[in-house]
Amino acid sequence: MKHEIILESELEQEFPYADLLNRCVTTALDEEGVDIPCEINILITDDEGIHQINLEQRGVDRPTDVLSFPMFYFRPGTPPKGDSLDVDPETGLLPLGDMVLSYERAQAQAEEYGHGLQRELGYLAVHSVLHLLGYDHMDEGEEKRQMRQREDAIMSVLDLTRERQL
């Protein structure tokens with residue numbers, strides 16, 4: 001499946017993990033059974049940038065690691081199919097939504113959690129794709145458990161498990 005992953009960086013230095021994010025996003029879509037070409041926009045920023053977006057879009061006055069802005073509502077585990085009427089007629093792609101990643105926060109969390117930066121960035125990308133596909137973790141019950149199970153399964157396919165130090 002040919003997905004369009006559009007990556008933009010606000011960082012002063014070059015962002016060296018574009019291929020990793022492409023692989024993680026594509027794998028998450030494949031593992032979730034998405035059978036239609038999709039478009040996802042990814043913005044790489046720092047804590048200050050994600051803080052501002054979090055405040056403007058959600059009214060939350062603090063930085064976070066990742067934000068997801070889905071274009072559509074999907075039920076978890078029920079991916080969009082090829083007969084979707086929401087495909088952009090000009091591109092032939094389904095615009096799933098946007099994600100914003102704080103590179104600064106990912107670096108700090110990789111160190112805090114004792115695993116590598118690649119694992120943390122991969123996890124945040126997979127986590128965000130699942131949000132774009134309708135998963136959530138706002139409760140401490142079934143929804144969160146379901147999302148965590150899917151994250152772990154996809155990270156295993158990517159060989160970016162917690163045990164693996166990258």
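**Exercise 1.** In which sense do strand E2 (residues 38-45) and strand E4 (residues 94-102) pair, and over how many bridges?

*Solution.* Start with the terms: strands (E, at least two residues) and helices (H or I, at least four) are DSSP runs numbered from the N terminus, and two strands pair if DSSP finds at least two bridges between them. E2 and E4 are joined by eight bridges, in the parallel sense. Within this pair, Ile44 stands opposite Leu101 in E4.

The model is predicted: local features need pLDDT of at least 70, side-chain atom pairs count only at pLDDT 80 or more, and totals for chains, interfaces and linings use all residues. Residues are numbered from 1 along each chain as its sequence is written, and side-chain values use heavy atoms, with hydrogens and water left out.

**Exercise 2.** Give the strand order of the sheet and name its edge strands.

*Solution.* The order is E1-E2-E4-E3, an open sheet of four strands with mixed pairing. Strand E1 (4-9) and strand E3 (66-70) are the edges, since each pairs on one side only. From one strand to the next, the twist averages 15°; angles run from 0 to 180 degrees between N-to-C directions, with axes fitted to C-alpha atoms, for helices over the stretch in contact.

**Exercise 3.** Which strands does helix H1 (residues 18-31) touch?

*Solution.* Contact means heavy atoms within 4.5 Å. H1 packs on the sheet and touches E1, E2 and E4. The direction of H1 makes about 140° with that of E2.

**Exercise 4.** Locate Asp159 and describe its phi.

*Solution.* Asp159 lies in the segment after helix H5 (142-157). Its phi is near 60°, a positive value in a residue other than glycine.
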